[in-house]
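Please read them with the structure open beside you.

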Amino acid sequence: MQFIIEHLEKSFENKQVLQDIDFIFEEGHIYGLLGRNGAGKTTLFNCINRDMKTDHGNFYLAENGVRREVLPEDIGYVLSTPTVPEFLTAREFLKFFMDINEKSIKHPASLDEYFDRMHIATEDRDKLLKDYSHGMKNKMQMLINLIAEPNILLLDEPLTSLDVVVAEEIKQLLRSFKDGRIIIVSTHILDLAVDLCDQIVLLSHGVLETVDKANLDNHAFKTKILTALREEDHV
Amino acid sequence: MFKTLRISFALKNAYRVNAILFALKQIPLLKKALPQSLYQAKGLKIFANILATLWELITIFLWKALYFITMVCGIGLLYQKLPTDQSFLHILFWLTITGAFLNTYIFNPSRDKYYAMILLRMNARSYTLSNYVYTLLKLIIGFLPFTILFGRLQNVSLWLLLLMPFSIAGAKLIVTAIVLTDYNRSGNIYNENKLQKYIWFAAALLLLIAYGLPAMGIALPLAVSIPLWIALIPAGLFALRYIYTFDAYRQLQQELLSQMAQQMDGVKHAAKKNSEKAISTNRAFVSKRKGFDYLNELFIKRHQKILWQASLKITLVCCCLLCGALLAMSFSAEIKESINLLILNWLPYFVFIMYAINRGTGFTQALFMNCDHSLLTYSFYKQPSNILKLFRIRLGEIMKINMAPAIVIGAGLSLLLFVSGGTTNPLNYVVLFVSILCMSLFFSVHYLTIYYLLQPYNAGTEIKSGTYRLVLSITYLLCFFMMQVKMPLLLFGCVCIVFCILYSITACILVYHFAPKTFRLRT
């Protein structure tokens, strides 16, 4: 499966944020999307998630050479600020989600099994989500998105406000989840990008370009990315 | 000091001008025509500057004029027992003392002060004093024409009227000096927007003296009030010296304005917090249903306080009013007649009442804050079929919630009509009942429809749609306007029923066509 973006453009009044996004994402990879502040990472995500109209261009999913439209259920979008329905308990939210997606969930498990997988403690499962901590809400949001098994998973600044243990758990989960899927992680944290992602993609001047790791070690690779990002100022 | 005043003026103006331009940017259609570079446009800035300056000039006199017309002379007209000059001087004196506490300028933490002294770190003493002197000058110039005009009408001597604005400024200076002394001694911060209970009590007492005593034929005799008025001037000058030498303005403003900063942050989260508070934590609220019905049932049960309970309270109040009206009619034939006339001719009035009691805005706000705000970020929730399924369920729910008081009002009005002498055309009873139900239906559909079609909130729970605000205002204005309409029951009722049904059908069609596209988070 490939996720193909063709000539995507988006501008706000006179400012062209996405100039000509032309890129092919391959399944089984985690992509780290890097860019300076205001480079348009969130705009790109919003366009892909169809929360925002694009000015020009299109995007498709290609399976065995056959192209098709990207449907809402193909996309999972995890925002940096976790959002969960506050008036439900974690169990109720999960039950509601399972009810709605009964037919599309490929490998259904019991609610408690899901909670176990996510390391959500038994005593927390029947608490209202409004009383959950930031990290717990984040886990819950991630859980829902993982069960839905979307073809494309977009993560905006994940892990930034999680404690190290939870952050490590989620990283592991994402790695185990990437088979047969495309995961795109937008982040400002270079270490996270290099550690978690298989490929680094820079968004600069409104276009996407990969940074080739070649035979570089992590340190040299980071220097290369930084240099590429700094160059933006000089163009 | 003059330079500080000039800078603070420019700052206040820039902030006002940008507020005007921002407001222009919120108007639908116009907002598309106006470019982002609007804030750079010189012509518009000059225009907005002129508006801001005019406003500054007008307000120097406007509030003073209104103050005299209503508070001093308007109410003063009621007291015929006393010589007019005596009651004029009495009322104005006590109002001046009250006003000196409630309206101090220095202890009013406002945004422009926060920007100037906290963000831009302007010299606090020089900023406070220069602006304070400017405020006092405005006060003196603003009062002068009106003390003369209204005072002469009450036969007060001209020389006293010429001195009066200075006395009023003197009263303000005295209070400010007292508050500053108190701050120096005890560290207490006086915030005129958050007054202590005892200040409110004192203000009430002063108002009672100002208005209550003349009503009983008592007022300060001229031999007392005139010396008091004059004494305010030297006392004020003495206070001015203290205010000028006071040296802890930075500290004072820092403490005062830090409260302001918290308030500004607070407003942003207040709506969200309020909505969260509306969630009931009662563990007995569960649901045996499935899918969206399950979601909806839990939502309704856990928001009982703002939905069903509120609606039932309104229903109860309506029942009480109905009983009251029935009781009143049993006592007097006149009341019977007037209620009969009222119902037969003033049905449009009930549009406003139905508007006021419907739970539509509360429902949609809670829906967004506590439910859709989060769920709209999940793709399964945004699938067109799911959006429409939930819309249907919610529409049913809000209709039920609004229907309870509507049934009582509709049936109650028909009953009142019957008891008050009835009507020759029995169709009136039916039309009355049905039209009230239709109004309730209309408001249920209306609020949910505009919520689904315009979904005005962004992920940060701020309202981002000018159109949504505009529609809400127009709804209010139209309903308000209906209060002025007098029309026979049968005619208005029939028009109303037809309109409500047509509107509801159209609205549902629009939602089915457009909501799958429009019902998402604003970006």
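This is a predicted model: local features need pLDDT of at least 70, side-chain atom pairs count only at pLDDT 80 or more; totals for chains, interfaces and linings use all residues.

1. From H17(B), the residues Phe443(B), His446(B), Tyr447(B), Ile450(B), Tyr451(B) and Leu454(B) touch H18(B), where their partners are Thr467(B), Tyr468(B), Val471(B), Leu472(B), Thr475(B) and Cys479(B). Sorted by class, the contact of H17(B) with H18(B) has nine nonpolar residues, three polar ones and no charged ones.

2. How do these two helices run past each other? Helix H17 of chain B covers residues 427-454 and helix H18 of chain B covers residues 466-482; their axes come within 10 Å and cross at roughly 165°. Angles over 145 degrees count as roughly antiparallel, so H17(B) is roughly antiparallel to H18(B). The crossing of H17(B) and H18(B) is right-handed.

3. A second pair in chain B is formed by helix H11 (residues 291-302) and helix H15 (residues 360-375), which pack at an angle of about 130° with their axes 12 Å apart. H11(B) and H15(B) are therefore oblique to each other. Their crossing is right-handed. On the H11(B) side the contact has Leu295(B), Phe299(B) and Ile300(B); on the H15(B) side it has Phe363(B), Ala366(B), Leu367(B), Asn370(B), Cys371(B) and Leu375(B). Eight residues of the contact of H11(B) with H15(B) are nonpolar, one is polar and none is charged.

4. H4(B) contributes Asp85(B), Gln86(B), Leu89(B), Leu92(B), Phe93(B) and Thr96(B), while H9(B) contributes Leu222(B), Ser225(B), Ile226(B), Leu228(B), Trp229(B) and Leu232(B). The contact of H4(B) with H9(B) divides into eight nonpolar residues, three polar and one charged.

5. Next, the two chains together. How many residues does the contact take from chain A and from chain B? There are 33 from chain A and 38 from chain B. The size of an interface is often given as the accessible area lost when the parts come together. Between chain A and chain B the buried area is about 2900 Å², and carbon and sulfur atoms give 58% of this. Of the area that chain A buries against chain B, 24% is supplied by Glu13(A), Phe87(A) and Phe96(A), more than by any other three residues.

6. Four salt bridges are found across the interface of chain A and chain B. A salt bridge also joins the side chains of Arg302(B) and Glu92(A), at 2.7 Å from N to O.

7. Over all chains, the structure holds 28 salt bridges. One pair lies within chain A: Asp55(A) bridges to Lys10(A), with the closest N and O atoms 3.9 Å apart. Asp55(A) sits in the loop between helix H1 (41-48) and strand S4 (56-63) of chain A, and Lys10(A) sits in strand S1 (residues 2-12) of chain A, so the pair ties together parts that are 45 residues apart in sequence.

Notes: Residues are numbered from 1 along each chain as its sequence is written. Chains are lettered from A and ligands numbered from 1 in the order in which they are written. Side-chain values use heavy atoms; hydrogens and water are left out. Axes are lines fitted to C-alpha atoms, for helices over the stretch in contact, and angles run from 0 to 180 degrees between N-to-C directions. Helices (H or I, at least four residues) and strands (E, at least two) are DSSP runs, numbered from the N terminus. Angles under 35 degrees count as roughly parallel, over 145 as roughly antiparallel, 65 to 115 as roughly perpendicular and the rest as oblique. A crossing is left-handed if the near helix is turned anticlockwise from the far one by less than a right angle, and right-handed if clockwise. Contact means heavy atoms within 4.5 Å. Ala, Val, Leu, Ile, Met, Phe, Trp, Tyr, Cys and Pro count as nonpolar, Asp, Glu, Lys and Arg as charged, and the others, Gly among them, as polar. Buried area is the accessible area (1.4 Å probe) that two parts lose on being put together, summed over both.
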